[in-house]
Amino acid sequence: MLGTTLLTTGPASLAAPGESTWTPDLAQITEDDANVRFTGGALRLAGEPVRAASAMHDRDEGSLVLAAHELATPANRIAATVDATVPGDAQLSVDVRGELAGGEWSEWTTAPAELPEAAKRVEVRIAMVNSRDGRSPEVRGLRLSAESGPQVAAEPRAAARSYRVYATREGLVGGTTANGHVIKSRDHFVALPSGKSLSPKNTGTYSVKVCTASRCAWAAVWDKGPWNIKDDYWNPSAQREMWKNLPQGKPEAQAAYQDKYNGGKDGFGRVVQNPAGIDLADGTFWDGLKLSDNAWVTATYLWTGTGTFGTVRSTGGGPVNVRNAAKSTATQVGMAGNYARAQVDCQVTGDSVTGSQGTSNVWFRIHAGMYVPKAFVSGVASVRAC
């Protein structure tokens with residue numbers, strides 16, 4: 001559509017400004033935002049080659065993640081009014097997430113958003129994709145509104161969801177991921193085929209644990225793909241953005257490849273050549289898991305569970321070794337990428353290590369028989385003894 005468009009998403013209460021209504025500053029762009037700029041009174045794409053590299057998406061996209069907003073009272077419904085121009089087949093969405101009990105964040109949901117539980121802190125993301133002829137959406141204003149409504153019974157959160165999926169190597173060194181990260185040699189991140197779990201650049205809000213029979217790797221979700229970009233297959237079928245008639249845990253690409261679902265094609269109409277449900281950056285693939293070819297792995301979507309979580313922070317930006325005992329000389333059995341989140345089960349005393357978080361002889365167990373030094377994990381003071 002051409003010209004000025006006023007997009008309203010949500011209940012009529014939007015028209016009544018108050019403590020639950022706010023207008024963010026669209027000009028507050030940080031280095032963690034991707035391919036957006038504010039000029040001429042509007043937010044638009046900045047013209048950089050930011051795409052969903054893993055999905056081989058052929059159009060530029062970008063996103064602005066606004067600073068977290070503190071509500072006066074917890075709310076579970078968020079609506080938006082957007083003053084914008086969306087040319088041709090360009091795309092624009094306002095996505096919302098809320099901070100859940102325990103400090104974790106819900107997945108991104110397009111407004112009007114129904115959060116899984118009432119939240120007092122919310123974040124908003126403006127996501128844009130240019131038109132096929134290269135024109136960008138323009139957002140001149142945004143007003144948001146929050147209210148409390150009947151709570152939909154949510155699936156109990158306990159252990160994080162895990163599924164057996166086919167993993168492929170992303171490669172594409174020098175390319176740019178959907179969150180604006182430029183892919184490096186031996187990089188450590190993963191791609192999942194949905195923007196609902198896309199971590200902002202240099203964060204690991206949404207991270208996965210990927211395991212073979214003998215090794216595990218922890219990595220942040222920094223790209224969208226493989227194949228699809230709207231397939232949150234780890235969610236209950238009724239909540240999936242697309243392909244709601246597929247069973248939970250089965251990627252659309254797997255169904256297309258194995259069962260000729262959707263005529264054997266992905267969401268872009270391409271013939272699916274493998275059943276991939278996760279893409280691994282080279283370092284995660286080669287170094288973390290020691291894979292030499294695409295393989296079936298067990299992926300655990302850590303943000304879907306409860307527990308104690310820490311963030312891996314190395315001293316040089318590279319991955320942290322995961323070992324089979326609390327000793328610096330113990331066998332390496334995996335790697336945890338910088339910024340990745342890991343669930344901490346318990347702690348043991350071992351070798352003293354100096355890292356980004358200081359010096360400590362405490363090691364955290366993050367998987368059965370797998371340990372990392374506390375010196376490289378932020379956000380966890382202590383947990384029970386193993």
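Two strands are taken to pair if DSSP finds at least two bridges between them, and strands (E, at least two residues) and helices (H or I, at least four residues) are DSSP runs numbered from the N terminus. The model shown in these views is predicted, so local features need pLDDT of at least 70 and side-chain atom pairs count only at pLDDT 80 or more, whereas totals for chains, interfaces and linings use all residues. Residues are numbered from 1 along each chain as its sequence is written, and side-chain values use heavy atoms, with hydrogens and water left out.

**View A. Strand β10 and its antiparallel partners β2 and β6.** Strand β2 (residues 21–22) pairs with β10 in the antiparallel sense over 2 bridges, and within this pairing Thr21 has Ser145 of β10 as its bridge partner. Strand β6 (residues 69–85) also runs antiparallel to β10, to which 9 bridges join it, and here Ile78 stands opposite Ala146 of β10.

**View B. Ser136 in the loop between β9 and β10.** Leaving aside residues up to four places away in sequence, Ser136 touches Arg44, Leu45, Pro87 and Asn130, where contact means heavy atoms within 4.5 Å. A polar atom of the Ser136 side chain lies 2.9 Å from the backbone nitrogen of Leu45. By C-alpha atoms, Ser136 and Leu302 are separated by 34 Å, and they are 166 residues apart along the chain.

**View C. The disulfide between Cys211 and Cys216.** A disulfide is counted where a pair of cysteine sulfur atoms lies within 2.5 Å, and by this rule the count comes to 2. One of them joins Cys211 to Cys216, with an S to S distance of 2.1 Å; the torsion about this S-S bond is about 105°, so the disulfide is right-handed. Cys211 is buried, with a relative accessible area of 8%, and Cys216 is likewise buried, at 1%.

**View D. The disulfide between Cys346 and Cys386.** The sulfur atoms of Cys346 and Cys386 are 1.9 Å apart, and because the torsion about their S-S bond is about 95°, this disulfide is right-handed. Cys346 lies in strand β21 (residues 346–355) and Cys386 in the segment after β24 (377–378), so the pair ties together parts that are 40 residues apart in sequence. Cys346 is buried at 0% relative accessibility, whereas Cys386, with a relative accessible area of 44%, is partly exposed. With bonded cysteines counted along the chain, the disulfides follow the pattern 1-2, 3-4.

**View E. Helix α1 and the strands that cover its buried residues.** In helix α1 (residues 252–259), the residues Glu252, Ala253, Gln254, Ala255 and Ala256 are buried. The cover over the buried residues of α1 includes β15 (276–280) and β16 (295–301). Lys260, which follows α1, has a positive phi, near 60°.

Definitions and conventions. A polar contact is a pair of N or O atoms within 3.5 Å; within protein, one must be able to donate a hydrogen and the other to accept it, and residues adjacent in sequence count only if both atoms are side-chain atoms. Buried means under 20% relative accessible area, exposed over 50%, partly exposed in between (1.4 Å probe, protein chains only).
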